[in-house]
Each structure stands twice: as structure tokens, then as C-alpha cells.
Amino acid sequence: MIANIPAKPYDFALEPARAAFVIIDMQRDFLEPGGFGAALGNDVSHLRSAIGPISALLAAWRAGGHLVIHTREGHRPDLSDLNAAKYRRGRFATRIGDDGPMGRILVRGAEGHDIIAELAPAGGEPVIDKPGKGAFYATDLETILRGRGITQLILAGVTTEVCVHTTLREANDRGFECLVLEDGTASYFPEFHRAALAMACAQDGIFGWVAPSSAILTAISSKTGVSI
Ligand code: C5J
């Protein structure tokens with residue numbers, strides 16, 4: 001089935017059976033006080049607006065039996081996958097690998113590295129651990145998507161202009177059709193969020209499409225009868 005999604009810059013023909021809902025880095029380290037985002041001097045409360053829209057679409061997407069993928073940014077405990085440039089970046093007192101209130105900052109296995117409870121992965125949903133901003137760099141994401149015949153991605157998560165946008169660009173160059181969830185993405189900087197969304201669909205869709213979660217929910221429910 002194809003669901004017509006009203007989107008910018010024009011309607012997106014969503015094929016749920018060939019689409020994955022990719023939820024990027026909804027981790028405690030970015031959304032909760034005491035994590036990596038806060039260590040960089042950010043007001044983490046700005047990111048919470050994305051939780052409700054992602055949660056609503058996640059429920060409908062799961063009910064339809066479609067593919068959900070979660071990503072987490074973080075590093076091995078020995079930091080062997082953390083390059084020196086990323087480690088040195090910024091002049092903050094707390095760095096990646098240092099101890100924080102949720103364990104070591106941005107390190108796999110620490111509490112802060114976990115996905116927030118509201119969006120916890122369900123059994124069988126792939127979780128991609130990535131050392132970079134893009135979800136395709138140094139991961140098996142592309143292999144998983146190609147293996148399942150996925151050609152379209154719905155991208156959500158944080159932050160809009162960093163990990164979501166980097167992943168959008170990587171996916172676009174690999175031939176995936178991408179729709180960015182307008183209200184299911186967020187930034188510490190509201191102006192960057194707005195600009196990143198505008199950039200995604202400028203020039204008649206240079207990187208892809210942008211739509212609110214309600215547009216997808218309405219289209220999916222009218223096709224499947226799944227109540228939302
Ligand atoms: C950042 C991310 N902002 N997930 N990571 O460093 O966007």
C-alpha cells in the first residue's frame with residue numbers, strides 16, 4: 001500500500017512496507033541533565049518536545065508491523081573508537097569518557113547512553129551504536145536496510161541539525177528517500193531546528209521531505225484502520 005503524505009516541498013508517497021522509522025539518539029545523554037548535551041552547556045529541556053510525536057508515531061508504526069530502528073551515539077569503554085579531534089573539541093570541563101551523574105559521558109554501557117524510557121526499543125528492533133554523528137558511518141545500518149528491502153526512511157530524533165541532518169545527507173547520497181519528522185526532531189537551538197528543516201526540503205527536496213507526525217498518522221490510519 002502507498003500512503004500519500006502531505007509534506008514539503010510536495011507530497012511524499014510512503015510505502016510503509018519498504019520504509020523504516022529511524023529514531024536517532026533519543027538518549028539520556030542528550031535529553032537529561034548531567035549528560036553529554038548538558039556538559040556542552042546546552043539547555044536540554046529544548047529536546048523534550050520531540051518525545052510525544054515520536055512516541056505516537058512509534059505506536060502506530062509498530063502496530064502496522066513496520067521496521068523501527070534506533071540509534072545511539074557513543075563510544076567503547078576504552079574510547080578506541082573516539083578520534084582525537086572529537087575528544088579535543090570544545091573547551092568544557094567535562095569530556096567524553098569522564099564520570100558524570102549518569103556514568104561515563106557518551107560511553108556505551110553507561111546509564112546516560114541508554115535511550116530514554118519513553119522510547120525504549122522493543123525486542124527485535126535493531127539498535128545501531130555509532131561513534132559519529134551520521135548513522136551510516138562505521139555501522140552496519142546500510143547492510144540491515146538493504147537486507148530488508150528498505151528504500152525509504154522516516155527520520156526523527158535529536159538533534160535536528162547535527163545527527164539527524166548528517167544521517168539525512170548520508171542516506172540521501174545512498175539513494176534512500178527520506179522524510180524528516182518536523183515535530184519529532186528537536187535542537188538545543190530552535191533557530192537551528194527551523195533552518196535545518198528548511199534546508200532539508202529546499203530546492204524542491206534537495207535532501208528530502210519534511211512533514212509533521214500528524215500527516216503520517218492520518219495517512220497510515222486511513223489506510224490500515226489502525227487507531228491512533
Ligand atoms: C550531537 C546528536 N548533537 N545526536 N549529537 O552531538 O545530534
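Predicted model: local features only at pLDDT ≥ 70, side-chain atom pairs only at ≥ 80, totals over all residues.

A pair of aromatic rings is described by the distance of the centres and the angle of the planes. Counting this way, you get six aromatic pairs.

Start with Phe 21 and Trp 61, whose ring centres lie 6.5 Å apart with 70 degrees between the planes. Angles over 60 degrees count as edge-to-face, so that is the label here. In the chain, these partners are 40 residues apart: Phe 21 belongs to strand S3 (residues 19–24), while Trp 61 belongs to helix H3 (residues 51–63). Buried or exposed, then, for Phe 21? Its relative accessibility is 0%, so Phe 21 counts as buried. Trp 61 also comes out at 0%, and therefore counts as buried.

Now jump to Phe 189 and Phe 192. Their ring centres are 4.8 Å apart, and because the planes meet at 40 degrees, the pair is classed as tilted. What about solvent? Phe 189 has a relative accessible area of 33%, which makes it partly exposed. Phe 192, at 39% relative accessibility, counts as partly exposed.

Look up Tyr 10, Phe 12 and Trp 209: together they make up one aromatic cluster.

Last stop, a charge and a ring. Find Tyr 87, and you'll see the charged end of Arg 95 sitting over its ring, 5.5 Å from the ring centre.

Definitions and conventions:
Residues numbered from 1 in each chain as written. Heavy atoms only, no water. Phe/Tyr/Trp six-rings, centres within 6.5 Å; stacked < 30°, edge-to-face > 60°. Helix = DSSP H or I, 4+ residues; strand = E, 2+ residues; numbered from the N terminus. Buried < 20%, exposed > 50% of the residue type's maximum accessible area, 1.4 Å probe, protein only. Lys NZ or Arg CZ within 6 Å of the ring centre and 35° of its normal.
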